Amino acid sequence: MNVRITYPGGRIDVFDTSAYGASAPFDGKNMLKDFEVCLNGIEEEGLWLVANYYAAKAEYREGSTGIPVARRSRGWKFLLATADEAKSLCDVTIDGEMVMARINDSVCNMREFESAALMRIGASNDGVLERIAKLHAFMALELKEETPATPGMPAEVVEYALSTTEAQPEKGNKRVVSEDWGDMDEVDW
């Protein structure tokens, strides 16, 4: 797993767990690892990565009927960004997928948002602010509430997205085709 944190001014921290694959850190009996990235409350507690492991020990076979069970054990906890650093981070990606982002000075859980958006409004090439506004409108209809909570988004970010997208000109249904050869496809010929 690769965790990347970007900060204003060009600082990028990259954490790679692939070197953590050997069983050596866990007494040589590790058969499986799981990683938790703790996204809630990062501005108060920092951004943490927790590594757990499943020990496969010979004593687990004794007295078992059938397949022995490797037990989950707590491993280690790693501080990826302090609370002070988290107050200024731009975004966090895990394996190339943005999971946290700062929008209008608020930290947003992009994984929670994208999951809700995909289920309700589908995938699109719209910008994040447009997707927030569309999900908000859909959830208002779905829940029959004027200001529903939008998953992963603080209320002030939803308000910002709504005010920003209202100020944008309508795209309409017209397809804009450039005369540049790189933008042409067979449908337009």
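Author: Let us begin with Asp95, which is exposed at a relative accessible area of 54%. The terms are defined thus: buried is under 20% relative accessible area, exposed is over 50%, and partly exposed lies in between, with a 1.4 Å probe and protein chains only. This is a predicted model, in which local features need pLDDT of at least 70 and side-chain atom pairs count only at pLDDT 80 or more, while totals for chains, interfaces and linings use all residues. Residues are numbered from 1 along each chain as its sequence is written, and side-chain values use heavy atoms, with hydrogens and water left out.

Reader: Where is Asp95 found?

Author: Asp95 belongs to the loop between strand 6 (91-94) and strand 7 (97-103). Strands (E, at least two residues) and helices (H or I, at least four) are DSSP runs, numbered from the N terminus.

Reader: What is to be noted about the phi of Asp95?

Author: In general, most residues other than glycine have a negative phi. Asp95 is not glycine, yet its phi is positive, near 50°. Asn104 also has a positive phi of about 50° without being a glycine. This second residue lies in the loop between strand 7 and strand 8 (106-109), and at 46% relative accessibility Asn104 is partly exposed.

Reader: In what order do the five strands of the open sheet stand?

Author: As a general idea, strands of a sheet pair through backbone hydrogen bonds, either parallel or antiparallel. Here two strands count as paired if DSSP finds at least two bridges between them. The open sheet of five strands has the order 2-1-6-7-8, and its pairing is antiparallel.

Reader: Which residue of strand 6 does Arg4 stand opposite?

Author: Arg4 faces Thr93 in strand 6. Strand 1 (residues 2-6) and strand 6 are joined in the antiparallel sense by four bridges. Thr93 is buried, at a relative accessible area of 6%. Leaving aside residues up to four places away in sequence, Thr93 touches Asn2, Val3, Arg4, Met98 and Val99, where a contact means heavy atoms within 4.5 Å.

Reader: Which way do the residues of strand 8 point?

Author: In a regular strand, side chains alternate between the two faces of the sheet. In strand 8, Ser106 and Cys108 point one way, Val107 and Asn109 point the other way, and all are buried. Strand 8 is paired with strand 7 over four antiparallel bridges, and Cys108 stands opposite Ala101.

Reader: In what order do the three strands of the other sheet stand?

Author: They form an open sheet in the order 3-4-5, with antiparallel pairing. Strand 3 (30-38) and strand 5 (71-81) are at the edges with a single partner strand each, so one side of each has no neighbour in the sheet. Neighbouring strands here are turned by 20° against each other on average, direction ignored. Eight bridges join strand 3 to strand 4, and nine join strand 4 (residues 47-55) to strand 5. Val50 in strand 4 is the bridge partner of Glu36, and in strand 5 Val50 has Lys77 as its bridge partner. Seven of the nine residues of strand 4 are buried.

Reader: Over the face of which residue does Lys77 lie?

Author: A charge sits over a ring if NZ of Lys or CZ of Arg is within 6 Å of the ring centre and within 35 degrees of the ring normal. Lys77 lies over the face of Trp48, at 4.6 Å from the ring centre. Likewise, the charged end of Arg11 sits over the ring of Tyr7, 4.2 Å from its centre.

Technical notes. Axes fitted to C-alpha atoms, helices over the stretch in contact; angles between N-to-C directions.
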